[in-house]
Amino acid sequence: MAVLDASALLGLLRSEPGAERVRALLPDASMSTVNLAEVVDHFARNGAAEAKILEVLQLLPIKLVPFTDELATVAGMLAPLTRTAGLSLGA
């Protein structure tokens, strides 16, 4: 299983370098609904209509995982483990 973040899906949808690598992962890919919101936000801020955004996203075989209170806690607890790599939550 592959877990995609917003930047991976945006790279695919914008045909950026690495898009084919992401495309190969799609059949077994999951993404949180928070990351999906980031993708929708990007296209909405750049003038795309809601109907068009939904049309494109609905074609993708990505399993969406609701961002629950439990997942929020797990994600938040990753901070100490990822700090040395320079990672931050949602940035």
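This is a predicted model: local features need pLDDT of at least 70, side-chain atom pairs count only at pLDDT 80 or more; totals for chains, interfaces and linings use all residues.
User: What share of the residues is buried?

Analyst: A residue is called buried when its relative accessible area is under 20%, exposed when that area is over 50%, and partly exposed in between. In this protein, which has 91 residues, buried residues make up 26%.

User: How do I describe two helices that pack together, and at what angle do helix 1 and helix 3 pack?

Analyst: Two packed helices are described by the angle between their axes and by the distance between those axes. Here helix 1, residues 6–13, packs with helix 3, residues 33–45, at an angle of about 45°, and their axes are 8 Å apart. Because of that angle, helix 1 is oblique to helix 3. The crossing of helix 1 and helix 3 also has a handedness, and it is right-handed.

User: How should I read salt bridges, and how many are counted?

Analyst: The idea is that a side-chain nitrogen of Lys or Arg lies within 4 Å of a carboxyl oxygen of Asp or Glu. By this rule the count comes to four salt bridges, and we can look at some of them in turn.

User: Which residue meets glutamate 20 in a salt bridge?

Analyst: The side chain of glutamate 20 meets that of arginine 23, with 3.4 Å from N to O. Both residues lie in helix 2, residues 19–25, and they are three residues apart, which is about one turn of the helix. Glutamate 20 counts as exposed because its relative accessibility is 55%, whereas arginine 23, with a relative accessible area of 43%, is partly exposed.

User: Which helix holds both arginine 45 and aspartate 41?

Analyst: Arginine 45 and aspartate 41 both lie in helix 3, four residues apart, again about one turn of the helix. Their side chains meet in a salt bridge with an N to O distance of 2.7 Å. Arginine 45 has 59% relative accessibility, so it counts as exposed, while aspartate 41 has 37% and therefore counts as partly exposed.

User: What separates glutamate 55 and lysine 52 along their helix?

Analyst: Glutamate 55 and lysine 52 are separated by about one helical turn, because they are three residues apart in helix 4, residues 50–58. The salt bridge between their side chains has a distance of 3.5 Å, N to O. Glutamate 55 is partly exposed at 44% relative accessibility, and lysine 52 is partly exposed with a relative accessible area of 46%.

User: Which residues make the nonpolar surface patch?

Analyst: To join such a patch, a residue needs over 30% relative accessible area and no salt bridge, and its nonpolar side chain must lie within 5 Å of another. Val34, Phe67 and Leu71 make a patch of about 220 Å². Phenylalanine 67 is found in the loop between strand 3, residues 63–65, and helix 5, residues 69–77, and it counts as partly exposed because its relative accessibility is 37%.

User: Where is threonine 68 placed?

Analyst: Threonine 68 has its place in the loop between strand 3 and helix 5, and it is partly exposed, with a relative accessible area of 37%. Separation in sequence and distance in space can be read side by side here: threonine 68 and valine 34 are 34 residues apart in sequence, and their C-alpha atoms are 10.0 Å apart in space. For another pair, valine 56 and aspartate 69 are 13 residues apart along the chain, and their C-alpha atoms are separated by 28 Å. Valine 56 itself lies in helix 4 and is partly exposed, with a relative accessible area of 30%.

User: What is the value of phi in serine 15?

Analyst: Phi is near 55° in serine 15, a positive value in a residue other than glycine. Serine 15 lies in the loop between helix 1 and helix 2, and it counts as exposed because its relative accessibility is 61%.

Methods: Residues are numbered from 1 along each chain as its sequence is written. Side-chain values use heavy atoms; hydrogens and water are left out. Patches are made of residues with over 30% relative accessible area and no salt bridge: like charges are joined within 9 Å, nonpolar side chains (Val, Leu, Ile, Met, Phe, Trp, Tyr) within 5 Å. Accessible areas come from the Shrake-Rupley method with a 1.4 Å probe; for residues, only the protein chains shown count as cover. Buried means under 20% relative accessible area, exposed over 50%, partly exposed in between (1.4 Å probe, protein chains only). Axes are lines fitted to C-alpha atoms, for helices over the stretch in contact, and angles run from 0 to 180 degrees between N-to-C directions. Angles under 35 degrees count as roughly parallel, over 145 as roughly antiparallel, 65 to 115 as roughly perpendicular and the rest as oblique. A crossing is left-handed if the near helix is turned anticlockwise from the far one by less than a right angle, and right-handed if clockwise.
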